[in-house]
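Colleague: Could you show me how to read a model like this one, starting with burial and ending with its rings?

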Amino acid sequence: MADKSNVLWEKHRMYLPGMRQKAVHRCRHCKFFVAIKGKLETKYGCVVSIKAYGNLEKRIPPVIPVIEIIKQVGLEGLDKCLKCSDPEAQSCGKFSTK
């Protein structure tokens with residue numbers, strides 16, 4: 001049983017190769033996390049599920065008009081993008097710095 005008062009033991013955490021970046025970074029630092037501008041308000045979301053942006057075929061702007069997302073993936077795709085709107089959430093496997 002580990003000693004709870006041992007500070008050195010708590011600071012030594014091991015991560016699998018490549019997992020540290022995913023565990024440390026948050027969505028707000030990812031280039032796929034962008035502002036989606038609607039007619040009345042602006043919300044944040046993840047556009048990694050959109051093929052053009054996820055495969056990096058198209059440059060990812062910091063602000064994307066909502067009509068462009070609806071044209072590419074429809075309303076269901078827009079809901080999927082807006083579902084990942086927490087900037088403090090743990091990053092996913094597609095994380096890439098801005």
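**Burial, layout and a ring pair**

Modeller: Of the 98 residues in the chain, 23% are buried, where buried means under 20% relative accessible area, exposed means over 50% and partly exposed lies in between, with a 1.4 Å probe and protein chains only. This is a predicted model, in which local features need pLDDT of at least 70 and side-chain atom pairs count only at pLDDT 80 or more, while totals for chains, interfaces and linings use all residues. Residues are numbered from 1 along each chain as its sequence is written, and side-chain values use heavy atoms, with hydrogens and water left out.

Colleague: How many helices and strands are there in the chain?

Modeller: Helices (H or I, at least four residues) and strands (E, at least two) are DSSP runs, numbered from the N terminus. The chain has 4 helices and 3 strands, and read from the N terminus its elements follow the order α-α-β-β-α-β-α.

Colleague: Which residues form an aromatic pair?

Modeller: Rings of Phe, Tyr and Trp (its six-membered ring) pair if their centres lie within 6.5 Å, and planes under 30 degrees apart count as stacked, over 60 as edge-to-face and the rest as tilted. The structure holds 1 aromatic pair: F33 and Y44 are stacked, at 5.6 Å centre to centre with 10 degrees between the planes. F33 lies in strand β1 (residues 33-37) and Y44 in strand β2 (residues 42-46), 11 residues apart.

Colleague: Is F33 buried or exposed?

Modeller: F33 is buried, since its relative accessible area is 7%, whereas Y44, at 46% relative accessibility, counts as partly exposed.
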